[in-house]
Amino acid sequence: MNHTMQKLLASIRDSIGPLRELQKNADPDEKLILADVVDRLFTARELLGDIQAQMADLSSQNEKLKQTTAQRDQWISQKANFEPFRFFAGGTVMVEKDDRRSPYCRDWYCKHCFDNERRSQLQPDPRRHWEFVCPSCKTPIALYPRDQEAYNEAHNQRDPATG
Ligand SMILES: [Zn+2]
């Protein structure tokens with residue numbers, strides 16, 4: 001397409017020279033007509049320049065869209081490997097499906113961030129016992145005694161902080 005545009009611009013440019021030559025020996029009426037034709041050719045050349053700029057714009061937008069689509073496709077295939085896990089305390093996290101260990105032993109990903117197409121692994125909140133927090137959106141997830149028992153059982157230890 002850009003090549004076609006270049007040829008078009010070149011052909012307009014090549015037409016202007018001969019028309020100017022004709023103008024030299026033309027009678028006054030013909031000169032006016034030829035001058036008008038040359039003007040129109042200049043206008044056409046400018047418009048083609050605008051179209052070229054718009055095409056360059058579209059092409060860069062297209063590249064960005066391709067990237068976004070590729071990222072989305074990647075996310076959709078990643079997303080399929082996760083499932084929600086709900087604690088007794090009520091909070092829900094995302095865990096990897098093919099990890100066959102207890103959900104209490106798997107990595108926990110923030111559901112809120114996951115819904116916004118981002119993976120963010122929850123971390124223990126150093127200020128609150130049995131609370132985890134998303135480093136991205138700061139959503140806290142608390143574990144109640146039943147979760148704590150299940151956690152300890154799954155990890156075969158007494159406490160995530162001291163164990
Ligand atoms: Zn989050």
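Analyst: Bear in mind that this is a predicted model. In soluble globular proteins, nonpolar side chains tend to be buried together. Here the largest nonpolar core has 13 residues, and those with the most contacts inside it are V93, W108, Y109, C110, L122, F132 and I141. The elements that give two or more residues to this core are β2 (92-96) and β3 (109-110).

User: Which residues does F132 touch, leaving aside those up to four places away in sequence?

Analyst: With those set aside, F132 touches W108, L122, Q123, P124, D125 and I141. The residue I141 is also the bridge partner of F132 in β6.

User: How should I read the strands around that pair, and in what order do they lie?

Analyst: Strands of a sheet pair through backbone hydrogen bonds, either parallel or antiparallel. In this model three strands form an open sheet in the order β4-β5-β6, with antiparallel pairing. The edge strands, β4 (123-124) and β6 (140-142), each pair on one side only, while three bridges join β5 (residues 131-133) to β6.

User: Is strand β1 largely buried or in the open?

Analyst: Strand β1 (residues 82-86) lies largely in the open, because the number of its five residues that are buried is zero.

User: How far apart do the C-alpha centres of domain 1 and domain 2 lie?

Analyst: The domain assignment gives domain 1 (2-78) and domain 2 (82-155), and their C-alpha centres lie 58 Å apart.

Terms used
Residues are numbered from 1 along each chain as its sequence is written. This is a predicted model: local features need pLDDT of at least 70, side-chain atom pairs count only at pLDDT 80 or more; totals for chains, interfaces and linings use all residues. A nonpolar core is a set of buried Ala, Val, Leu, Ile, Met, Phe, Trp, Tyr and Cys residues joined through C-beta atoms within 7 Å. A residue is buried if 20 or more other C-beta atoms lie within 10 Å of its own, exposed if 12 or fewer, and partly exposed in between; C-beta atoms are placed from the backbone. Helices (H or I, at least four residues) and strands (E, at least two) are DSSP runs, numbered from the N terminus. Two residues are in contact if their C-beta atoms, placed from the backbone, lie within 7 Å. Domain bounds come from an automatic or database domain assignment. Two strands pair if DSSP finds at least two bridges between them.
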